[in-house]
Amino acid sequence: MHRVAEKLVVLVRTDLGMGRGKLAAQVAHAAVVAALAAQGSAGLSTWLAEGQPKVVLSVPDDERLSAIAAEAGAAGLPVHVIRDAGRTQLAPGTQTCCAIGPAETASVDVITGGLSLL
């Protein structure tokens, strides 16, 4: 039986000026939420077995993050937008990043393939 490759992509806004630690924490939030939401799915099992491939990509602003999240959702992909709690660098509710997947690599790439690595 041939397994379909799976991956998780996290889109990060570059306009917020987040410090490295803040950015890392936001990406971690996205990855954890995506993995927990996928519990029990065949896709999660495949993703875990493949070493949990993850790619972090940049988006310039909230508008682009929201547009890509909507496009991914419309394509039937798992989407999780992360909003900051507002305890440190950002206002409460600020959208910082978005996890897409874990899902079939080819399907994720259709939506995110033109974006740059962070």
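This is a predicted model: local features need pLDDT of at least 70, side-chain atom pairs count only at pLDDT 80 or more; totals for chains, interfaces and linings use all residues.

Tutor: Residues are numbered from 1 along each chain as its sequence is written, and side-chain values use heavy atoms, with hydrogens and water left out.

Student: In which strand does Lys7 lie?

Tutor: Helices (H or I, at least four residues) and strands (E, at least two) are DSSP runs, numbered from the N terminus. Lys7 belongs to strand S1, residues 6-13.

Student: Is Lys7 buried or exposed?

Tutor: Buried means under 20% relative accessible area, exposed over 50%, and partly exposed in between, with a 1.4 Å probe and protein chains only. Lys7 has a relative accessible area of 14%, so Lys7 is buried.

Student: Which side chain makes a polar contact with that of Lys7?

Tutor: A polar contact is a pair of N or O atoms within 3.5 Å; within protein, one must be able to donate a hydrogen and the other to accept it, and residues adjacent in sequence count only if both atoms are side-chain atoms. The partner of Lys7 is Asp109, at 2.6 Å. Contact in general means heavy atoms within 4.5 Å. Leaving aside neighbours within four places in sequence, the contacts of Lys7 include Trp47, Pro53 and Val55.

Student: What span should helix H1 have?

Tutor: The expected span of a helix is 1.5 Å times one less than its number of residues. Helix H1 (residues 20-37) has 18 residues and should span 26 Å; its end C-alpha atoms are 26 Å apart, which agrees.

Student: Which residues of H1 are buried, and what covers them?

Tutor: They are Lys22, Gln26, Val27, Ala30, Ala31 and Ala34. The cover includes S1 and the strands S2 (54-59), S3 (79-83) and S4 (95-104).

Student: Where is Leu23, and how accessible is Leu23?

Tutor: Leu23 is in helix H1. Its relative accessible area is 22%, so Leu23 is partly exposed. Leaving aside neighbours within four places in sequence, Leu23 is in contact with Val12, Met18 and Leu118.

Student: Which residues of helix H2 are buried?

Tutor: In H2 (residues 42-49), they are Gly43, Leu44, Thr46 and Trp47. They cover an arc of only 160° around the axis (taken from the directions from the helix axis to the C-beta atoms), so they are on the same side of H2. Ala42 and Ala49, on the other side of H2, are exposed.
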